[in-house]
Protein chains: 2
Amino acid sequence: MFKRIADLRTEDNIGSTILLRGWIHRLRKQKEKTFIILRDDRGDIIQAICPSKLCEDLTIESSIAIQGKLEKDPRAVEGGFEVKVGKISIFNIADVDYPIGEYQSDEILLDFRHLSLRTRKMINVGKLRNSLLKYSREWFDKDNWMEVTPPILVQSSVEGGSTLFEVKYFNEKAYLSQSSQLYLESMIYCLGPVWTISPSFRAEKSRTIRHLAEFTHLEAEAPWIDMNDLITIQEKVIFSIITQIREHNKKELEFLNTAAIKKLHEISIPFEKITYDRAIDILRSTECRIRDNDGKERLIEWGDDLNLESERELTKDRSNPIFVMNYPLSIKPFYVKQDPLNKMTGLAVDLLAPQGYGEISGGGIREDNLEKLKNRMRETNLNPTDYSWYLDLRKYGSVPHGGFGLGLERLLRWILDFDDIKNVTLFPRTMTRILP
Amino acid sequence: MFKRIADLRTEDNIGSTILLRGWIHRLRKQKEKTFIILRDDRGDIIQAICPSKLCEDLTIESSIAIQGKLEKDPRAVEGGFEVKVGKISIFNIADVDYPIGEYQSDEILLDFRHLSLRTRKMINVGKLRNSLLKYSREWFDKDNWMEVTPPILVQSSVEGGSTLFEVKYFNEKAYLSQSSQLYLESMIYCLGPVWTISPSFRAEKSRTIRHLAEFTHLEAEAPWIDMNDLITIQEKVIFSIITQIREHNKKELEFLNTAAIKKLHEISIPFEKITYDRAIDILRSTECRIRDNDGKERLIEWGDDLNLESERELTKDRSNPIFVMNYPLSIKPFYVKQDPLNKMTGLAVDLLAPQGYGEISGGGIREDNLEKLKNRMRETNLNPTDYSWYLDLRKYGSVPHGGFGLGLERLLRWILDFDDIKNVTLFPRTMTRILP
């Protein structure tokens with residue numbers, strides 16, 4: 001019986017009586033007539049003109065159902081349709097102190113996120129998130145990967161102890177998963193290529209516009225792949241997501257950032273690949289400087305991690321993402337495989353998004369040799385006995401393998417070119433924000 | 001180049017030279033010939049006969065690649081195919097102390113879950129889990145629901161404080177989500193019908209074969225639905241999952257429990273609906289007894305919750321699931337809407353699986369009236385100020401709505417008729433188990 005605005009707003013329906021449900025998005029009361037902008041449950045809006053005597057009590061965000069004739073009026077919003085309301089029924093009259101107005105500080109919008117989700121910006125973000133999830137999965141499903149749900153409550157750290165959230169687990173300590181990687185690695189022996197979209201957690205002590213304490217983590221792992229395979233897989237996944245989004249989510253992209261459509265159309269595969277060595281050469285030639293731990297500034301050199309500024313420098317004039325591979329082993333985690341051709345570097349690869357954005361995905365080939373892995377643990381001050389189950393994977397039938405992880409919020413932030421990652425997240429979690 | 005056993009094991013390939021990779025599942029060494037059962041990365045197995053001099057070092061779970069001629073031998077496993085190995089290359093010789101043998105206690109299998117995942121039982125469970133996720137999503141996607149990722153780190157309890165896991169969240173306390181329901185409710189105002197498959201957490205202090213501390217929770221919520229709509233949605237979702245699984249996962253079901261196929265074919269919709277009142281009448285007529293908190297046994301009566309035994313009694317002679325609806329308000333959570341026709345009962349509905357299994361899904365219509373909701377909170381000793389953001393949803397444009405939640409592990413345990421829910425879970429978390 002009830003349809004949505006998007007279904008009814010057609011030339012065919014002009015003159016027909018239609019039924020709609022939704023919320024009062026905007027309201028202008030005159031003596032005889034009241035102008036309502038009605039927003040439905042998918043964020044579409046339409047103008048409705050209602051005899052004022054039928055709707056005296058209405059307030060912003062009140063929930064109503066209306067019945068009326070669909071007419072055309074070029075002055076009306078979104079394509080010039082309007083409803084001449086004959087009947088109105090009210091579900092709920094909203095309190096007059098609705099805290100979200102047209103212009104509101106970012107902090108208020110976050111404090112009342114349960115309400116600011118109803119802004120058209122966040123509705124469009126929500127729809128893009130739905131599409132991102134759907135099109136990510138579609139690729140893995142079509143390519144015959146197995147979806148798994150790795151545990152969130154864990155006792156082993158993947159990314160180092162400093163960003164672990166501690167959980168009181170009955171009489172023990174547990175942590176929230178920073179990455180499913182170690183578990184995905186255990187599954188390649190039984191399910192082959194596997195993937196997941198799971199929440200991951202990082203107790204990031206810095207307040208940045210790039211980090212969330214809880215994020216949506218797409219991760220994949222496969223046996224018997226090498227660096228070339230891994231790079232090709234990432235290219236395919238990301239290009240498939242981008243082409244689907246630019247095809248199916250034009251409306252949302254246009255609303256949120258028209259430039260995004262053009263940007264996505266400029267992406268093509270294969271993406272360029274450069275080594276870390278080459279990256280350092282480029283950065284030194286542009287005199288990229290970094291700050292040491294003791295605060296002194298100096299020219300970047302081989303062995304330094306690529307920080308935000310260096311990633312920006314490498315990507316600012318590009319329209320296509322770029323892979324940087326074969327980093328110094330010393331700046332990468334214990335599980336990265338040593339390059340058989342150069343023992344100083346590891347088979348890690350990061351994907352940097354263009355226009356100065358920086359890392360959206362990281363991965364690599366994993367160390368599959370038990371003794372080398374143990375040595376790397378000791379070098380990075382980890383105790384191999386804390387990882388005994390993980391080491392078993394190398395003890396019993398180890399195989400070459402690799403994988404990658406991609407933060408869906410980071411990808412979306414880049415697509416939309418939003419300043420703050422919180423704005424592509426429905427209920428962001430940061431150092432200072434756990435509510436609502 | 002490399003394919004899987006399932007792709008190669010065809011009559012067409014008899015006589016061809018094939019390449020396979022995998023692990024030594026079983027091994028029988030003779031003087032001249034060694035009989036290998038090779039297991040590939042999707043758990044299929046094939047017999048391979050290898051000159052013993054080529055494979056002297058092999059052990060159970062060693063990882064190898066073989067090249068050889070595919071032949072037929074009626075004595076061989078899984079369809080009578082075997083490979084006459086010409087070349088073998090070894091990735092890794094597994095240590096001889098591989099802890100998983102053919103007959104192993106449940107505890108050992110759980111202690112070494114990272115290895116026991118390689119048993120064919122767990123591989124088939126893994127494949128069924130992949131299908132359950134896929135076919136659940138497929139229904140919601142086709143029916144135009146929006147997928148969301150609600151936060152896991154929260155400060156409000158949905159299911160009562162006793163099963164909350166506490167997290168040290170920077171300088172605050174937070175909890176792990178027991179259910180996404182409250183967040184899904186906030187999203188129906190902006191995204192309409194929404195759903196998620198997210199991990200949920202319950203600090204269950206009892207050791208049971210029905211409970212996990214972390215489980216895979218399918219939840220859905222929609223605006224403007226009534227009890228009939230809600231029941232129909234659940235029927236459709238579950239029937240769609242069941243029909244897809246029985247069609248596409250015959251092989252896994254046959255391996256794990258042949259009887260499951262017949263059982264799934266006996267399911268048809270609509271499912272029977274009975275009220276709680278009627279359930280109590282039935283249970284009293286069969287003299288169903290329950291134990292009071294003080295330990296005394298007595299006949300079940302109106303106002304008692306349906307425990308395991310009563311759910312078993314109601315479902316033991318059925319082949320179809322059954323909905324039980326309109327429970328006493330006093331035994332249901334604060335958010336359940338009071339039945340307008342009977343103020344003693346609430347619009348809650350549980351779905352009980354047949355053959356004595358019991359609850360797999362629970363849901364209901366939510367209280368949409370602000371004052372009634374606050375009163376219910378006070379009656380259940382909750383402080384409305386702790387839920388102020390949730391109450392805002394009733395203050396600003398409240399609409400009738402409802403939803404449900406379904407534990408995917410419970411559903412799978414019922415489908416497979418497994419005793420222990422841990423056996424349908426890849427890395428189960430219970431009071432005594434957080435590793436591996």
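**Figure 1. Division of chain A into two domains.** Chain A consists of domain 1 (5-92) and domain 2 (112-424). The model shown is predicted. Taken over C-alpha atoms, the centres of domain 1 of chain A and domain 2 of chain A are 46 Å apart. Nine residues of domain 1 of chain A and five residues of domain 2 of chain A make up the contact.

**Figure 2. Area buried between domain 1 and domain 2 of chain A.** Together, domain 1 of chain A and domain 2 of chain A bury about 610 Å². Carbon and sulfur atoms account for 43% of this area. On the side of domain 1 of chain A, the residues that lose the most area to domain 2 of chain A are A:Arg39, A:Arg42 and A:Gly43. These three residues together contribute 46% of what the domain 1 side buries.

**Figure 3. Salt bridges and polar contacts between the domains of chain A.** Three salt bridges are found across the interface of domain 1 of chain A and domain 2 of chain A. A salt bridge joins the side chains of A:Asp44 and A:Lys251, with an N to O distance of 3.1 Å. Between domain 1 of chain A and domain 2 of chain A, five residue pairs are in polar contact, counting pairs with both residues at pLDDT 80 or more.

**Figure 4. Pairing of strands β1 and β4 of chain A.** Strand β1 of chain A covers residues 17-29, and strand β4 of chain A covers residues 63-72. The two strands are antiparallel and pair over seven bridges. A:Leu19 has A:Gln67 in β4(A) as its bridge partner. In a regular strand, side chains alternate between the two faces of the sheet.

**Figure 5. Pairing of strands β4 and β5 of chain A.** Strand β5 of chain A, residues 81-92, pairs with β4(A) in the antiparallel sense. This pairing has 10 bridges. A:Phe81 in β5(A) lies opposite A:Lys72.

Figure 6. Chain A is superposed on chain B by a rotation of 180° with 0.0 Å of shift along the axis, at an RMSD of 0.0 Å. The two copies are therefore related as by a two-fold rotation axis. The C-alpha of A:Val167 is the one nearest the axis in chain A, at 2.3 Å from it. Of the interface residues of chain A, 100% are also interface residues in chain B, so the copies meet through the same surface.

Terms used. Residues are numbered from 1 along each chain as its sequence is written. Chains are lettered from A and ligands numbered from 1 in the order in which they are written. This is a predicted model: local features need pLDDT of at least 70, side-chain atom pairs count only at pLDDT 80 or more; totals for chains, interfaces and linings use all residues. Side-chain values use heavy atoms; hydrogens and water are left out. Two strands pair if DSSP finds at least two bridges between them. Helices (H or I, at least four residues) and strands (E, at least two) are DSSP runs, numbered from the N terminus. Copies are superposed by least squares on the C-alpha atoms of residues with pLDDT of at least 70 in both. Contact means heavy atoms within 4.5 Å. Domain bounds come from an automatic or database domain assignment. Buried area is the accessible area (1.4 Å probe) that two parts lose on being put together, summed over both. A salt bridge is a side-chain nitrogen of Lys or Arg within 4 Å of a carboxyl oxygen of Asp or Glu. A polar contact is a pair of N or O atoms within 3.5 Å; within protein, one must be able to donate a hydrogen and the other to accept it, and residues adjacent in sequence count only if both atoms are side-chain atoms.
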